[in-house]
Structure formats: structure tokens, C-alpha cells
Amino acid sequence: TAGLNTQRIGQQVMAHDEVQSTQPLAHEAAARGAEEGTLVLAEQQTGGKGRLGRQWHSPKGTGIWMSLIIRPAIPLPKTPQMTLLTAVSVARTIREETGLPVKIKWPNDIFIGDKKVCGILTELNAESDRVNYLVIGIGVNANSVAEDFPQELAEIATSLRIESGEQVKRVRFIQQFCRFFEEEYDYFLQNGFERVKAEWEANSYTIGRWVNVQTISQKLEGRAIALDDEGVLMVQDQAGAIHKVYSADVNYRAN
Ligand code: BTN
């Protein structure tokens, strides 16, 4: 943490070699009282977790696999905003560290072109309607080469190294992320969601695109037009009606 110059984000680091997943380790640490900003890192995950029960391919040494513990004093319905804030911070880190043109795909995948380079998995611990802590899992395909991806990922995933042709300095990347995240987070806690919303929209892959939305409760098609003030995606269907989309698997169609 030398030279990190943040107040809390990344000031405590628990670095592991091989783990199943950094997520449960971060939950255990948080339950034992780990400070806000604690980062759990691993070189390799044998059971990396993705969203919607998926697996996250986390081979040794090439990625940034980390879980961040935060304890925001915000009401429960605002917690999804923390995920959007994280996506904005990762996007900014990638842009500044590599110069690559990154985009955020709803709700929180980071894309370069049409391929995913980073995923974010936020897990909440709350008692009744009080937020205890959040574990924000971030997986960045940093230095993987094409051969590192299994067949089924080759078409949909990429890495910073593949895209830029250069090796990413992972420690430096993580430190930069911590600075950006802390800055965004402090601003958010004091001033609210507006700046994150503007940055998310400015970097969005999704806004303006035609999308198919499929959740347990809704199935709709329309154009993604904006985030609302709470961070919910607004989709306008062919008849002009506007629908709010919370967190779903959104599929895309050209045009
Ligand atoms: C997704 O896009 O589905 C989310 C992927 C999140 C992956 C990260 S890697 C670090 C942390 N530990 C995990 O097991 N998952 C998250």
C-alpha cells in the first residue's frame, strides 16, 4: 500500500495465492469486522463466481480478481448505485492505464468493442433494511492471451493485453482503481448519484441501443434511453411506453 494515498480504499489488503473465490473470503472478513476499503485479492480462483449463478474463469496470474468491502450508510434501494459507481471507476482506470476505449454494458459489464473485459458482482449483507456491508467482486481480464480463454469464451471475452498489445501492471492498476473509486465514492456519499449517472451514461454501451430484456417478471423489447435518477435503466418500446429495468439479462440487437 506504499504510495497509495487513499484514506480507506485499499488500505487493508488480504492477498491470496489460490482460493475458490475471493467473495466468501471477503464476507468472512467483513463479518469479523474488517474495515471499509479492505481488498481481498487472489492470483487464481478455482471457483470464481459470476452473476446469475454463472462461473467466472479466473486462471492463475493473468487477471485481477478482487473483492472490495464497503460499508456505505445508504438506504437499501440505493445499493445498486454502488455497482454502477464501481463500473464507472473501473472504466476510468482502464482508460487511464491503457488508453483503450471502454464502454459499460448494462448493468455493469465493461466492454472493449463487442467483447467483455471485466465483470462486477455485488453481494449485499443487510439486516432488515439496514445495510451492513457490500462485497463488490471485480474480475478484470488483464494479461491473458487468446489461448488462455476456453473455446466458449473466445468469442465474447477479451483482455487488456490482447486489446492494447501491452502488459498491464496489475499492482499499479489496482492502486489507480482504489484512488478513482474512493474519489467517486466520497463524492457520491456527499452529493448523491448524479455524477455517477452522468459518467455511466457518457460511457455507456447500452444507451441508444435496441435491447431485449428478459427477467422473471418481464420480457420486453425496446430502445435503452437513459438511466433514471435512481440508476434504473429506462427502455422505450415500439408503442412509446417507457419501462423500468432493474437488473436483468439484457440482450442486444444491431440497430
Ligand atoms: C460477472 O460478470 O458475471 C461478474 C464477475 C465477477 C468476477 C469477480 S473475480 C473476483 C470476485 N470473486 C469472484 O468469485 N467473483 C468476483
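**Entry 1: Trp65**

I looked up Trp65 first. Leaving aside neighbours within four places in sequence, I find Trp65 in contact with Thr22, Leu41, Ala42, Gln45, Gly48, Ser58 and Gly139. Contact means that two C-beta atoms, placed from the backbone, lie within 7 Å.

I note that this is a predicted model: local features need pLDDT of at least 70, side-chain atom pairs count only at pLDDT 80 or more, and totals for chains, interfaces and linings use all residues. Residues are numbered from 1 along each chain as its sequence is written.

Trp65 sits in strand β3. Strands (E, at least two residues) and helices (H or I, at least four) are DSSP runs, numbered from the N terminus. Is Trp65 buried or exposed? Trp65 is buried, because 26 other C-beta atoms lie within 10 Å. The cut-offs are 20 or more such atoms within 10 Å for buried, 12 or fewer for exposed, and partly exposed in between, with C-beta atoms placed from the backbone.

I also checked Trp65 against Asp129. They are 64 residues apart in sequence, and 29 Å separate them in space, C-alpha to C-alpha.

**Entry 2: the ligand**

I counted the shell next. The ligand is surrounded by 21 residues, and the closest are Ser21, Gly50, Gly119, Gly137 and Gly139. A residue belongs here if its C-beta atom, placed from the backbone, lies within 6 Å of the molecule. Which elements give two or more residues to the shell? They are α1 (22–31), β3 (63–70), β6 (115–127) and β7 (130–141).

I sorted the shell by class: 6 nonpolar, 11 polar and 4 charged residues. Ala, Val, Leu, Ile, Met, Phe, Trp, Tyr, Cys and Pro count as nonpolar, Asp, Glu, Lys and Arg as charged, and the others, Gly among them, as polar.

**Entry 3: two helices**

I turned to helix α5 (residues 170–191) and helix α6 (residues 194–202). They pack at an angle of about 130°, and their axes are 8 Å apart. That angle makes α5 oblique to α6. Under 35 degrees counts as roughly parallel, over 145 as roughly antiparallel, 65 to 115 as roughly perpendicular, and the rest as oblique. From α5, Glu184, Tyr187, Phe188 and Asn191 make the contact; from α6, Glu194, Arg195 and Val196 do. By class, I get 3 nonpolar, 1 polar and 3 charged residues there.

**Entry 4: the whole chain**

I end with the chain. It has 6 helices and 12 strands. Its C-alpha trace spans about 55 × 45 × 30 Å along the principal axes. Of the 255 residues, 39% are buried.

Notes. Axes are lines fitted to C-alpha atoms, for helices over the stretch in contact, and angles run from 0 to 180 degrees between N-to-C directions.
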